[in-house]
Amino acid sequence: MKTPHLTLPSYYIGLMSGTSLDGIDAALVAIAPDSPPRLIATHVLAMPHALHNLLLTLCHAERVSFAELAEAESAFCKLQADAVKALLTQEGVTAEQVHAIGSHGQTIEHAPSGHHGGPAYTLQLDNPSLLAELTGCTVVADFRRRDLAAGGQAAPLAPAFHQALFGRQNGEQLVLNLGGFANLTWLPSDTNISVMGFDTGPANVLLDAWFAKHHNGRFDLDGAWAAGGQVDQALLSRLLNEPFFHQPPPRSTGRERFHLAWLEKQLTGHEMPNDVQATLAELTAISVAQGVQQLPLSHNDITLMACGGGANNTYLMARLAAQLPNAIFKSPADIGWPEDWIEAGAFAWLAHQRLHNQPGNLPSVTGASGQRVLGGIYAH
Ligand SMILES: Nc1ncnc2c1ncn2[C@@H]1O[C@H](COP(=O)(O)OP(=O)(O)O)[C@@H](O)[C@H]1O
Ligand SMILES: [Mg+2]
């Protein structure tokens, strides 16, 4: 009997550390032709306090020395390598079995429109050469700048992966990532209609910063502190005056626009701290709902897949459900992708796209002048 020809899947590792600076997410992903990527295994390495604080300082520093940049980059790269090694050991997979690591790097600043008329830039700390040496794997990195060079926002990049993962046949779908910032992807079922996606505004970045100012901890577990507060409507409307919330897509944002000082400028000083936390959760829920309203949905009842760390925040999710009463919330875990793993998975998939010279961006999302092969290869 003839053996049927089987196309074996290839292994890729996606490495993601987002604006929340909470840790390195390492995802082992199997990719085979003509089927959606499969999540095989995961490993999280929490960001040590010293590195978290150093990166946070760099994100908001007026001046940075090259030595500080190098120190942060090297420490970050070693943490990434440790995450990869732990993942491989845990799964009994060798470095030789991994086709490539897709490394997002750590965003320090994202200025797709430049500053004061200067050139557009987006800066991710990353050392793919060192990562290749430390892990023994080929590394693909620098995913964002080619899209930027082609006139795009360089963000969000995940929507192309959302399309590869969730497909377009199951009716109209929304994917919402609640990371440091929130971004929305619209996958219309009609494949003649382009996918849309954009950042809607801050999510965990302000919730974490305000929480950390008042507690000895990094985040408000399940939104319990926010749940005990009351939304301050006057503060909410001052925050919503920020022009970003009224900008049409393509749009993307980062810590350079939304940070603790931005929030504190809008406070009277008489607010109860947990009222501010409840107001920040409301700000995220409302700005996401406003983003949904900007989409040319064909009907109101829409499936929404929430992912990212913020999807674990029960209070935030309840506020989102209140703002989007017609949305049917689904978990990507139903198809084997727990909510925390979509972003890391995207960078495994982007590494695969790069090795196969396939585009990684969606011009309808980023505003780039065309599709582009994203990233550079650091072969091992
Ligand atoms: N159980 C939880 N309750 C509230 N917030 C949570 C919970 N789990 C995760 N988070 C939030 O998710 C964040 C991490 O989300 P993540 O998707 O990794 O963001 P990023 O992509 O910016 O790194 C944490 O900083 C925290 O704010
Ligand atoms: Mg994270």
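The shell around ligand 1 holds 3 nonpolar, 12 polar and 5 charged residues. In these classes, Ala, Val, Leu, Ile, Met, Phe, Trp, Tyr, Cys and Pro count as nonpolar, Asp, Glu, Lys and Arg as charged, and the others, Gly among them, as polar. The model is a predicted one: local features need pLDDT of at least 70, side-chain atom pairs count only at pLDDT 80 or more, and totals for chains, interfaces and linings use all residues. Residues are numbered from 1 along each chain as its sequence is written, while chains are lettered from A and ligands numbered from 1 in the order in which they are written.

**Ligand shell**

There are 20 residues around ligand 1, and Gly 18, Ser 20, Gly 179, Gly 180 and Gly 309 come nearest. A residue counts as near if its C-beta atom, placed from the backbone, lies within 6 Å of the molecule. Helix H6 (residues 204–214) gives the most to this shell, with 3 residues. Helices (H or I, at least four residues) and strands (E, at least two) are DSSP runs, numbered from the N terminus. Both domain 1 and domain 2 supply at least three residues each to the shell around ligand 1.

**Two domains**

Domain 1 covers 10–154 + 341–378, and domain 2 covers 158–335. These bounds come from an automatic or database domain assignment. The C-alpha centres of domain 1 and domain 2 are 23 Å apart. Across the boundary, 26 residues of domain 1 are in contact with 31 residues of domain 2. Contact means that the C-beta atoms of two residues, placed from the backbone, lie within 7 Å.

On the domain 1 side, H1, strand E4 (98–111), helix H12 (342–355) and helix H13 (363–366) each supply at least two residues. H12 provides the largest share of that side, 5 residues. The domain 1 side divides into 10 nonpolar, 13 polar and 3 charged residues.

**Helix packing**

Two packed helices are described by the angle between their axes and the distance between the axes. Axes here are lines fitted to C-alpha atoms, for helices over the stretch in contact, and angles run from 0 to 180 degrees between N-to-C directions.

| Helix pair | Angle | Axis distance |
|---|---|---|
| H2 (residues 66–91) and H3 (residues 128–135) | about 35° | 9 Å |
| H1 (residues 49–60) and H2 | roughly 135° | within 10 Å |
| H6 and H10 (residues 273–293) | about 170° | 9 Å |

H1 and H2 are therefore oblique to each other. H6 and H10 are therefore roughly antiparallel. The cut-offs are these: angles under 35 degrees count as roughly parallel, over 145 as roughly antiparallel, 65 to 115 as roughly perpendicular and the rest as oblique.

Take H1 with H2. Their crossing is left-handed. Leu 51, Leu 54, Leu 55 and Leu 58 of H1 make the contact with Glu 68, Ala 72, Ala 75, Phe 76 and Leu 79 of H2. By class, this contact has 8 nonpolar, no polar and 1 charged residues.

H2 passes H3 in a right-handed crossing. A crossing is left-handed if the near helix is turned anticlockwise from the far one by less than a right angle, and right-handed if clockwise. From H2, the contact uses Cys 77, Lys 78, Gln 80, Ala 81, Val 84 and Lys 85; from H3, Leu 130, Leu 131, Leu 134 and Thr 135. The contact of H2 with H3 has 6 nonpolar, 2 polar and 2 charged residues.

In the H6 and H10 pair, Leu 206, Leu 207, Trp 210, Phe 211 and His 214 of H6 meet Pro 273, Val 276, Gln 277, Leu 280 and Ala 281 of H10. That contact has 8 nonpolar, 2 polar and no charged residues.

**Backbone details**

Ala 155 and Pro 156 are joined by a cis peptide bond, with omega about -15°. Pro 156 sits in the loop between helix H4 (145–149) and helix H5 (158–166). A cis bond also joins Pro 249 and Pro 250, with omega about 0°. Pro 250 lies in the loop between helix H8 (233–240) and helix H9 (260–264).

Leu 21, a residue other than glycine, has a positive phi near 55°. Leu 21 is in the loop between strand E1 (10–17) and strand E2 (23–31).
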